[in-house]
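Hi,

Here is the structure I promised to pass on.

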Amino acid sequence: MSSKLKKAVDEIKDADNPELELVDKGIVNILEIPGFVTLKNLYKLVLPHNKITSVPPSIANFLNLEIINLFNNSIEELPTTLSTMPKLRILNAGMNRLNAVPRGFGACPVLEVLDLTYNNLNENSLPANFFCLDTLRALYLGDNDFEVVPPEIGRLKNLQILVFRDNDIIVLPKEIGELVRLRELHIQGNRLTVLPPEMGNLDLCGTKQVFKADNNPWVAPITGQFQIGISHVFDYIRSDTYKFLYSRKMSAETEPPPKTNDKSKKMSRAKK
């Protein structure tokens with residue numbers, strides 16, 4: 001296997017924009033890939049479906065690296081040095097064992113796509129500056145353990161895709177209505193009963209937009225609107241009638257809906 005890895009590195013080391021793709025090769029340590037450290041101009045690193053347990057801080061020495069795909073490994077922690085990488089645009093660390101996002105991560109200068117699906121993250125896992133990622137266009141946080149979406153989400157003004165499906169979210173903050181560039185919102189499989197009226201500011205009803213919100217315990221009026229169509233849901237939450245219902249609902253001292261006992265949404269995380 002080592003000879004095959006060395007051959008893969010040798011084949012790209014003289015390329016202008018080398019891309020190293022090693023899928024399902026049993027790799028445990030990135031730095032033990034023969035010749036890896038010599039790929040100074042590495043542009044794209046694709047290592048999904050391996051057995052990697054950690055990402056070396058020295059990954060930041062690859063100054064031309066724009067794309068990192070570490071999907072489906074056993075990584076428990078990402079290095080803080082990621083935020084210093086000047087060209088990193090796409091990071092996929094989905095289906096790992098992450099409990100936190102590294103301190104200072106919001107300083108990533110050009111990050112556009114961040115996929116942290118299928119991990120162990122919640123609202124306390126994000127560093128203080130996480131929502132300073134001004135360049136972020138797509139954020140995937142599905143299949144984690146969020147109960148709350150931080151109101152700072154409204155700072156991510158360039159977001160076009162936001163995925164929080166299959167968490168335990170009880171309520172969405174009104175600041176989500178500030179994400180006016182949003183074209184996809186996935187909030188299905190949570191514990192939501194109402195939507196903030198400010199979501200009426202969003203354009204998610206056209207043929208090029210995606211809004212998925214099934215498998216939530218919506219209040220009856222919202223459930224009725226969903227049965228008619230997405231556009232009716234948004235027309236309804238913009239109405240004065242709904243704003244009154246929402247205000248009354250939020251001010252009432254009621255318990256949030258219980259967590260489901262259905263564990264099927266996370267069965268695919270067998271490694272965890």
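**Aromatic rings and a helix face**

F211 and F234 are both buried, where buried means under 20% relative accessible area, exposed over 50% and partly exposed in between (1.4 Å probe, protein chains only). Before I go on, the housekeeping: this is a predicted model, so local features need pLDDT of at least 70 and side-chain atom pairs count only at pLDDT 80 or more, while totals for chains, interfaces and linings use all residues. Residues are numbered from 1 along each chain as its sequence is written, and side-chain values use heavy atoms, with hydrogens and water left out.

For the rings, I paired those of Phe, Tyr and Trp (its six-membered ring) if their centres lie within 6.5 Å; planes under 30 degrees apart count as stacked, over 60 as edge-to-face and the rest as tilted. That gives nine aromatic pairs. One of them is F211 with F226, stacked at 6.3 Å centre to centre and with 15° between the planes. F211 lies in strand β9 and F226 in helix α2, so this pair ties together parts 15 residues apart in sequence. (Helices, H or I with at least four residues, and strands, E with at least two, are DSSP runs numbered from the N terminus.) F211 has a relative accessible area of 8%, whereas F226 is partly exposed at 21%.

F211 also pairs with F234: the ring centres are 5.2 Å apart and the planes at 70°, so this pair is edge-to-face. It links strand β9, which holds F211, to helix α3, which holds F234, 23 residues apart. Ring pairs join F211, F226, F234 and W218 into a cluster.

Now to α3 itself, residues 230-237: its buried residues are V233, F234, Y236 and I237. They sit on the same side of α3 because they cover an arc of only 160° around the axis, taken from the directions from the helix axis to the C-beta atoms. What do the buried residues of α3 pack against? Their partners are β9 (210-212), α2 (220-228) and α4 (240-251), with contact meaning heavy atoms within 4.5 Å.

Elsewhere, the lining of the largest cavity has seven nonpolar, no polar and no charged residues; nonpolar here covers Ala, Val, Leu, Ile, Met, Phe, Trp, Tyr, Cys and Pro, charged covers Asp, Glu, Lys and Arg, and the others, Gly among them, are polar. The lining residues are I30, L45, V55, I59, I68, L70 and L82, having an atom within 4 Å of a point on a 1 Å grid where a 1.4 Å probe fits but cannot get out.

Cheers

Terms used:
On a 1 Å grid over the protein atoms alone, a cavity is a set of points where a 1.4 Å probe fits but cannot get out, and a pocket is an open set with protein on both sides within 12 Å along at least five of seven lines; lining residues have an atom within 4 Å of a point.
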